[in-house]
Amino acid sequence: MRVVAFTRSTELAGSLRRYFRFVHGSDVEICSQGIPAAAAGPRGSTFDGVATLVRDLAQGERNKTGSGWIAILDPPSEAAFRLTNLNPIDPTAESWGLFVATLVLAFPEMHVLLVGPSGLAASSLARSAHRLSARTLELMRHVAVSGFGSLTLLDGTGLREQVRDLIRNKQERDRSRPMRALPCRERFAVSIDEESSYAVLEAYVAFRMGFRACPITTWGVASEVLGGKNPVPGAEAQPSGLPWSTPDLVFEDLYLNFLDLPARLPDAPKISPTERRLSNLRYRDDVFERLGDAKRKDNFRRVIVTVGHRRSSTLLSRWKENLAYVKSAGGHLRIIYKPVAGMFSFIRAAGLSAKTFQKRRRNPSVGDEGSHSAPGRIVFVAEVLLGRASHMLASAKTAVEAIHAAVLACEAKELLVGKTPTTALEAVALQHEAEVAAESMFLGVEYNIDVKQRFNDIQREVGAVAVWFAPGQRYRSSLNARLTIAERLAQRFSSLHQVEEELACLAHARKLRFDLWVREKPWRWVLWPVLRYVAFTLASLGRFVAGVASWILLFAGVHYVLHSLPDASGAARFWHALASSAYFFATLQPCEVVRHSVLIDGILAAQGFVAFLNLGLLISHLYLTASRR
Amino acid sequence: MDRLLVIVVTRDWASRGGPEDEFCVDWLQPCDKEYWWFPGSALHLLLVHGYAGRFNSEEAVRQAIDDHARESSVDSSYSGCVVLQHSTRYRIVGQFTVSGVSTEVRLATYGSTAGSVLEALDLVVSNLSDNSSDAREGWKKEFRKIAPVVARDRMAQLIHAIVHLFLPLEVDFSGLREASDEVSRTDYATEILRTRTGDSYEVRLRKLRFWVAKVEGDHVAVQSSSPLSSGQCFLELVLVCGLSLEDKLIEELVGLCGLIDNGGAFRPDDQERYETPREDDDQVGSFFKNLDEVQEAQALIKQSRAAVLKLGPNQKDLDFLEWFARLREVMEGIHDRLLSVRRDVGGGE
């Protein structure tokens, strides 16, 4: 765990050093200088100093290992009240407020702990979960045990959403709100699984669909977030008492074997001792208070992600009992069996692609009267995020690390709200690259991954960014971006030995390249149908066979209609025409009995060109197959 | 509504960021800013940061005012305009128009000879004979509303300082609670006692009581210890902001500090209303006194296991972690009530 403390108090620094050494076995980097002098220069921009510090932190991260990251921010007393404005695009915000807000956005995985009062909403989870106190230190210990060292990466505590809210509502002097389209994450999701890869993947899927999310992989974190009962008999108090939200969406494994499972599970008066196990969903809802409360929420969605084995009659009867319970408890229920076929299949199986979830992902340009550029400070944050994501992805060895990179890119994409198009497109590309890397690295995802939905998603996202290009260039720019992304994905799949997905990306890229090529000169539109056909048939051998069969059938029909084979009649004439068409396709020689006329010879010539083209396509297919590793 | 534009140029001979920098110390504005723009409903204030070396002529002051007025949303809809300067060194004299403001500008100075900025403003506003008496009273009232804004920020400073009195102890107690076994807990406690620095806990409690209610001000360790240059205590700031001392949260804060509330008027200079309890009844005081005794015992009995194990979160009758968590919540709760008071809308990098 990496701990950085910005404090001038030697006494507090000493306490923190002791705490982290004895409890976590880690050192604390103390920055006693606070915000550098550059931030307080006579005429310099306050943000310059903040930017320098943020860049230094991002650079320092590359030399560190470990997943957890805590930043303790203790402004000097005379600057304490300046934490009340945590808006990075507010020109009146002071250096400490700017620093905190920029850190929160640029380092989503960093758990920021503030000393002193802040401007966060008094009743919010963000305020209590980000105040340096015994409660939050205990929370950090539980998180450290979980192996996935962050409650904030997917904004589980809602701090980022509060900063975003300030950004969203920042008015310019002309009353416009340039960042009003910044996506909003009002709802909360949890994923419960002792396998951190599954928990993180599920939480990320929820995050992608507009939820704040929290992966739960240990009993300690589950108790904190879901309000678990104390296993000590008679003790009812929550371990931390932080005001966590009741989840709107829960992904959960049926069989939970947390590494820190208490020796004795908590009592549940309504459930007999023999039924007290976490695989009993009735008991689970009773033990975790907020899971029980969630059932009463409107639009609550419960997704059980399980291997689904029911090898014994006992397991089968438990499964039936659980199903009967969750159905009677209300809310939407989905069951997903492991492994899953990629993120988009997962989204579909979880019922998250329904219109109710899609409509919240509005087109960023709708109703936006501002400029095509995001505020400079937001662009700075996005660039820091993208730099970090790129570096993280290059060194990612596990699905969790790749998802981490995807989150950073996703944050950059959302912060830019489609503005500053080049950087926004880079964010889109990087997010998809990181996602396919995660899918490919994760054994819990089926060998063949759904890429078609991904192409649709890329088209939608690129389209939203391209609205800022000139109308004449819009579609072309969009094609160009999609082509680049498809090629980068193909490269990524290739390096991860996902051959089918690589070919699918190359086929998609080919189609886009042809589209782009014909748009360069008007006369090329004549060749557009041919190029489309080439792109279609090269996508797979099945399509090629279907294409050839269609041509044979088509020309057979033509020969039949034109009576080019005069000796036969009725059905026999059709079969004769079909055989003749197939014969010509295979040999480029007409049947001997074929009648010759200008029209028929012209059609035979056209058929010859088509057959020749298909021969070329067949050779291409054979080459592509033979050249696979 | 009639609106008045008030421009105040702060003390221009004080060194920037120094103890006499009026802009930073009295108005609590960041030293790196050049001005503060406060648009109230009936009165707009432009506070220009004066400091040594900034102005070298009357013209430079005029230019700074003009520049900042243009950067702020100064428009031409004011019924009057007043410029108040702390210093007479580069005093603006003669005709003066502020960018975009067509009305007549009244000039005045304030400071040790001319009285406080508030008195100077009252005087100038009273002489604005073209405006109705209602409007003039409204402006005076509006100007007084700026005081709670500053008081709220001072309160945040005070809370931060109070938190620092006990936060290191909270971190230590938290670690002792979370240490995995008794051996590491003993090592931890030994380390705390070996390396701990700063005031004794008894002095910290005295400071807390002094900073909250100016009780125990006669103790030598707490005299002149106020983190605020104004020397105000928490309850004074509460009164400036218009909150009542009978408020439940204020009463709880006083109780958490272990003070006795005798009722009646609160006058910071004579402690009639709040006082410390007798030693036997002082639960909070006895807890911290005991902590100091543990520290002293450790100094006498080097690394005594029995002594260090006395140090722990559930010692005596006070649950320190709960007490401190509640103290912070109550103070921040009071501060939150004041957040509706608007702070700076303008700025100036």
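Predicted model: local features only at pLDDT ≥ 70, side-chain atom pairs only at ≥ 80, totals over all residues.
## A salt bridge between the chains

Over all chains, the count of salt bridges comes to 53. In one of them, the side chains of Glu332(B) and Arg131(A) meet with a distance of 2.9 Å from N to O. This pair crosses between chains: Glu332(B) belongs to helix 12 (residues 320-337) of chain B, whereas Arg131(A) sits in the loop between helix 4 (125-129) and helix 5 (134-145) of chain A.

Are the two partners buried or exposed? Glu332(B) has a relative accessible area of 2% and is buried, and Arg131(A), with a relative accessible area of 12%, is buried as well; both assignments follow because the cut-off for a buried residue is under 20%.

## Salt bridges within a chain

In chain A, Glu414(A) forms a salt bridge with Arg185(A), and the closest N and O atoms are 2.6 Å apart. The pair links distant parts of the chain, 229 residues apart, with Glu414(A) in helix 15 (residues 399-416) of chain A and Arg185(A) in the loop between helix 6 (159-168) and strand 5 (187-192) of chain A. Glu414(A) counts as buried at 11% relative accessibility, and Arg185(A) is buried with a relative accessible area of 3%.

In chain B, Glu329(B) forms a salt bridge with Arg326(B), where the closest N and O atoms are 3.0 Å apart. Both residues lie in helix 12 of chain B, three residues apart, which is about one turn of the helix. Glu329(B) is partly exposed with a relative accessible area of 27%, and Arg326(B) counts as partly exposed at 31% relative accessibility. Elsewhere, salt bridges that share partners join Arg208(A), Lys413(A), Glu435(A), Glu439(A), Arg454(A), Asp457(A), Arg460(A) and Glu461(A) into one network.

## The five-stranded sheet of chain B

Chain B contains an open sheet of five strands in the order 2-3-1-4-5, with mixed pairing. Its edge strands are strand 2 (35-39) and strand 5 (105-109) of chain B, each of which pairs on one side only, and the twist from one strand to the next averages 15°. Strand 4 (residues 80-85) and strand 5 of chain B pair in the parallel sense over five bridges, and Cys81(B) stands opposite Val105(B) in strand 5 of chain B.

## Helices against the sheet

Helix 4 (residues 133-144) of chain B lies across strand 1 (4-9) and strand 3 (43-48) of chain B, and runs at about 50° to strand 3 of chain B. Helix 5 (residues 146-178) of chain B also packs on the sheet, where it touches strand 2 and strand 3 of chain B, and its direction makes about 125° with that of strand 2 of chain B.

Conventions. Residues numbered from 1 in each chain as written. Chains lettered and ligands numbered in written order. Heavy atoms only, no water. Salt bridge = Lys/Arg side-chain N within 4 Å of Asp/Glu carboxyl O. Helix = DSSP H or I, 4+ residues; strand = E, 2+ residues; numbered from the N terminus. Buried < 20%, exposed > 50% of the residue type's maximum accessible area, 1.4 Å probe, protein only. Pairing = 2+ DSSP bridges. Axes fitted to C-alpha atoms, helices over the stretch in contact; angles between N-to-C directions. Contact = heavy atoms within 4.5 Å.
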